[in-house]
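Colleague: I have just opened this one and have not looked at it before. Can you walk me through it?

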Amino acid sequence: MTHKITGSIGSDTAVQPSGKIRYFEAPPPKPPAPAVTKAAAHSEFLRTGRIARHKPIWFPEERRYLTHEEVAERTGKRLEAAGERSHDRINSFHRSIQFPKIIFHRTLDERPHLGYCHVTAARTLLARRIPVSWSFYIANFVAEIGEEDTFFERISPFNSRMYFAVALEGQPGKLQINRSIRRNGLLFKTDDPMEAIKNVLMLGTSHDALREIIKKL
């Protein structure tokens with residue numbers, strides 16, 4: 001059940017003339033230079049004629065610029081690690097509420113440091129006893145969920161996380177947003193990981209006693 005939520009992004013990050021963000025990796029910091037006493041500095045000057053000066057830890061020319069593919073790979077590993085942890089926490093709550101592990105990620109076009117991870121999917125009877133298929137995601141950014149073709153709108157440039165579930169319809173491999181629930185198909189959205197787990201658990205059970213326990217978490 002792999003599918004992509006299409007999205008666009010704006011950013012005030014410095015970019016190349018081509019419009020692409022440049023990512024670099026600085027080398028590990030070098031140990032600080034040993035302190036030089038005034039007497040030692042005078043002796044060194046008399047011996048060599050040179051004045052000892054503090055050397056910077058690293059120079060801009062030492063930056064190793066990363067390709068967008070490298071950044072996307074690192075982003076994906078972090079996202080999927082977060083997805084694995086969330087899935088483990090959800091399935092550890094109660095043996096009667098178990099969700100399949102369906103972990104995969106996507107990074108945003110031209111912004112490979114931003115992305116989202118699919119964690120699990122299930123089918124739920126909502127309030128009107130209507131069966132609804134849905135998927136649960138984690139994103140490493142915060143955004144508004146759009147109601148049109150652009151799913152992510154007004155993406156925040158600040159580091160954060162967003163947890164959300166979306167109603168889906170269609171056949172595996174051809175799934176799309178189910179807009180009969182809401183225009184954007186959103187079942188819930190939060191930046192609180194505990195609140196996200198509670199919402200997923202509530203979607204995963206119709207047992208009244210368990211629902212009361214989940215509400216008190």
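Colleague: How many helices and strands does the chain have?

Modeller: This is a predicted model. The chain has four helices and 10 strands.

Colleague: And in what order do the elements run from the N terminus?

Modeller: From the N terminus the order is β-α-β-α-β-β-β-β-β-β-β-β-α-α.

Colleague: How much of the chain is made up of buried residues?

Modeller: Buried residues account for 34% of the 217 residues. The chain exposes about 13900 Å², and carbon and sulfur atoms supply 52% of that area.

Colleague: What share of the contacts joins residues at least 24 apart?

Modeller: Taking contacts between residues at least 6 apart in sequence, 55% join residues at least 24 apart.

Colleague: Now the inside. Which residues in the largest nonpolar core touch the most other members?

Modeller: That core has 24 residues, and the ones touching the most other members are Ile 90, Phe 99, Trp 134, Phe 136, Phe 188, Val 200 and Leu 201. Two or more residues each come from α2 (68–91), β4 (111–125), β5 (131–139), β8 (162–169), β10 (186–190), α3 (193–203) and α4 (208–215).

Colleague: Which element gives the largest share?

Modeller: α3, with six residues.

Colleague: Which residues of α3 are buried?

Modeller: In α3 the buried residues are Ala 196, Ile 197, Lys 198, Val 200, Leu 201, Met 202 and Leu 203. Their cover includes α2, β4, β5, β8, β10 and α4.

Colleague: What happens at the start of α3?

Modeller: There, a side-chain oxygen of Asp 192 comes to within 2.9 Å of the backbone nitrogen of Met 194.

Colleague: Different topic. How many salt bridges are there?

Modeller: The count is three. In one of them, the side chains of Lys 77 and Glu 73 meet at 3.7 Å, N to O.

Colleague: Why can those two side chains, Lys 77 and Glu 73, reach each other along α2?

Modeller: Lys 77 and Glu 73 are four residues apart in helix α2, so about one helical turn separates them. An α-helix has 3.6 residues a turn, so residues three or four places apart point the same way.

Colleague: Which residue does Glu 84 form a salt bridge with?

Modeller: Glu 84 pairs with Lys 101, and their closest N and O atoms are 2.9 Å apart. Glu 84 is in helix α2 and Lys 101 is in the loop between α2 and β3 (104–108), so the pair ties together parts that are 17 residues apart in sequence. Glu 84 is partly exposed at 32% relative accessibility, and Lys 101 is partly exposed at 46%.

Colleague: Where do Glu 212 and Lys 215 lie?

Modeller: Both are in helix α4, three residues apart, about one turn of the helix.

Definitions and conventions. Residues are numbered from 1 along each chain as its sequence is written. This is a predicted model: local features need pLDDT of at least 70, side-chain atom pairs count only at pLDDT 80 or more; totals for chains, interfaces and linings use all residues. Side-chain values use heavy atoms; hydrogens and water are left out. A nonpolar core is a set of buried Ala, Val, Leu, Ile, Met, Phe, Trp, Tyr and Cys residues joined through side-chain atoms within 4.5 Å. Buried means under 20% relative accessible area, exposed over 50%, partly exposed in between (1.4 Å probe, protein chains only). Contact means heavy atoms within 4.5 Å. Accessible areas come from the Shrake-Rupley method with a 1.4 Å probe; for residues, only the protein chains shown count as cover. A polar contact is a pair of N or O atoms within 3.5 Å; within protein, one must be able to donate a hydrogen and the other to accept it, and residues adjacent in sequence count only if both atoms are side-chain atoms. A salt bridge is a side-chain nitrogen of Lys or Arg within 4 Å of a carboxyl oxygen of Asp or Glu.
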